[in-house]
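Look over the sequence and the structure before reading on.

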Amino acid sequence: RPRPQESPPPSRPPRPLQAMASTDPKKIAEVRDVHRLERIGAHSHIRGLGLDDALDARQVSQGMVGQNAARRAAGIILSMIQEEKIAGRAVLIAGQPGTGKTAIAMGMAKALGEDTPFTMLAGSEIFSLEMSKTEALTQAFRRSIGVRIREEAEIIEGEVVEIEIERPASGQVATFGKMTLKTTEMETMYDLGQKMIETIQKESIAAGDIITIDKSSGKITLLGRSFARSRDYDAMGPQTRFVQCPEGELQKRKEVVHTVNLHEIDVINSRQQGFLALFAGDTGEIKAEVREQIDAKVAEWREEGKADIVPGVLFIDEVHMLDIECFSFLNRALEADSSPIVIMATNRGITNIRGTDYKSPHGIPLDLLDRMLIISTQPYTAREIRKILDIRAEEEDVEMTEEAKELLTKIGTESTLRYAIHLITVANLVAMKRKAQEVDVKDIRKVYSLFVDVKRSTQFLIEYQQEFMFSEVADAEEDSKDAPMPQA
């Protein structure tokens, strides 16, 4: 008997694709990863000092704007550091808040590259560490001194012709194999052990790849693919790198250069698990005897030609936060044989030296100021502020109308540059709320009314000081009223 046909269930409307995509956890994780990678910092737009070959500052270059004299002075010091002609000197970058002192130091760090050690430190950091002030400064100094160690290593370099790995029928891990390597002049077969087989499988090394094998450690490094095999496949990934087949013998002696800093050597030698302490950050105080032994060993390597000292840069921001003990330590440390360039930045005028009742320019003792080269920064002009705002808007991926940029420049001139820069992102959020493609004048006005700058905040406090707790201005006025009249 035929079964009666059931009526089909009512059809549901298809769910929108966007909703499905948004609830997919993998997609959400990917989006989060992208956002995490694209974090924008205050100085993330700076890529160098923006100088030409004659060390003249370009008006706008590598994210730097204006401050031509200061940038040129920094460029001269930079070239002396790169030529390793200067060490044990101190440079002070002094100027008003928001005149690009930290930006100049960041530009120097980017221009130096990764071979020269560059350590950044805030003046107040020294007091928050679980060690003495002098130990914290010593560690910062030794972090800024690099040691370039040269050693000769025996390597095997060639193009893989064939790989044979014998896999047991029982399904166990392969423990024996053979690999044929060749250069333009010779070809040799090598036996492979279990460790090397695992590395080959992990790196996906196949015939046609050019590799190097370190004889002492057995480490295999994939250099790229041979040009002779460039036509093996129709399509190649963008990361595929083609290299020439090596010439000469398979076994070669190669000079390997490692760059480490003195602090890393100190930590590794100061305790049993020193290498792990480097990653944990729990270095603790290091004994002077350990440092003396390391200095003697490094001096011995220098005499033998095995190592070179690379004096780096120690940048101390907010240097006026250091006290008189730190300054007296810096005086002695700068005169040591292996001392880095110390660059300091401050925005203070004539103020008390921390730990004393004496006043001094920039809050730094006169004997230390005498040892310094001082670079001063000037306030930015309206034209330079406009250029900086253009660069920051591009960095933060914000589209703005010309009128909005003009208004923001005016705010930056009358208030502070930092305040104007902070308004860029919040104005963009307001513009996105009203579904606009670019930030307009009304968005800037909206955020200007929502977020007050220092001047308006101070004015507000003066007007409503009675409403606030512990108002010192009112107390001072009352004290002056109660004071007795001076007698003639």
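## Model and main core

The model is predicted. Its largest nonpolar core has 27 residues. The members that touch the most others are Leu 92, Val 319, Leu 322, Phe 327, Met 344, Ile 364 and Met 372.

Six elements each supply at least two residues of this core: strand S3 (90-94), helix H6 (133-143), strand S13 (313-317), helix H11 (324-333), strand S14 (341-346) and helix H12 (366-369). H11 gives the largest share, five residues. A second core is separate and holds 24 residues. Ala 57, Leu 112, Ile 341 and Ile 343 are among them.

Leu 322 is one of the core members that touch the most others. Leaving out residues up to four places away in sequence, Leu 322 touches Gly 123, Ile 126, Phe 127, Ile 316, Phe 327, Leu 330 and Arg 354.

Two of these partners, Phe 327 and Leu 330, are buried in H11. Cys 326, Phe 329, Asn 331 and Ala 333 are also buried in this helix. What covers the buried residues of H11? The cover includes helix H5 (125-128), H6, S14 and H12.

## Ser 360

Ser 360 sits in strand S16 (residues 359-361). Its relative accessibility is 3%, so Ser 360 counts as buried. The cut-off for buried is under 20%.

Setting aside neighbours within four places in sequence, Ser 360 contacts Gly 349, Ile 350, Thr 351, Ile 353, Pro 365, Leu 366 and Leu 369.

## Ring contacts

There are four aromatic pairs in the structure. One of them joins Phe 227 and Phe 242. The pair is stacked, at 5.9 Å centre to centre and 25 degrees between the planes. Phe 227 lies in the loop between strand S9 (220-226) and strand S10 (242-243), and Phe 242 lies in S10, so the pair ties together parts 15 residues apart in sequence.

Two arginines lie over ring faces. Arg 354 lies over Phe 127, at 4.2 Å from the ring centre. Both residues are also contacts of Leu 322. Arg 456 lies over the face of Tyr 448, at 3.7 Å from the ring centre.

## Cavity

How many cavities of 30 Å³ or more does the structure hold? It holds one. The volume of the largest cavity is about 40 Å³.

Its lining consists of Ala 74, Ile 77, Val 91, Ile 93, Ile 104, Met 108, Ile 343 and Ile 375. Helix H3 (68-82), S3 and helix H4 (101-112) are the elements that give two or more residues to this lining. Ile 343 also belongs to the second core.

The largest pocket holds about 620 Å³ of space. It is lined by 35 residues. The closest to its centre are Ala 42, His 43, Gly 100, Arg 418 and Ile 421.

Strand S2 (64-65), H4, S14, helix H13 (382-395) and helix H15 (417-433) each give the lining at least two residues. H15 supplies the largest share, five residues.

Notes
Residues numbered from 1 in each chain as written. Predicted model: local features only at pLDDT ≥ 70, side-chain atom pairs only at ≥ 80, totals over all residues. Heavy atoms only, no water. Core = buried A, V, L, I, M, F, W, Y, C linked by side-chain atoms within 4.5 Å. Buried < 20%, exposed > 50% of the residue type's maximum accessible area, 1.4 Å probe, protein only. Helix = DSSP H or I, 4+ residues; strand = E, 2+ residues; numbered from the N terminus. Contact = heavy atoms within 4.5 Å. Phe/Tyr/Trp six-rings, centres within 6.5 Å; stacked < 30°, edge-to-face > 60°. Lys NZ or Arg CZ within 6 Å of the ring centre and 35° of its normal. 1 Å grid on protein atoms, 1.4 Å probe; cavity = no way out; pocket = protein on both sides within 12 Å on 5 of 7 lines; lining within 4 Å. Points joined across faces, edges and corners; volume = space filled by probe spheres on them.
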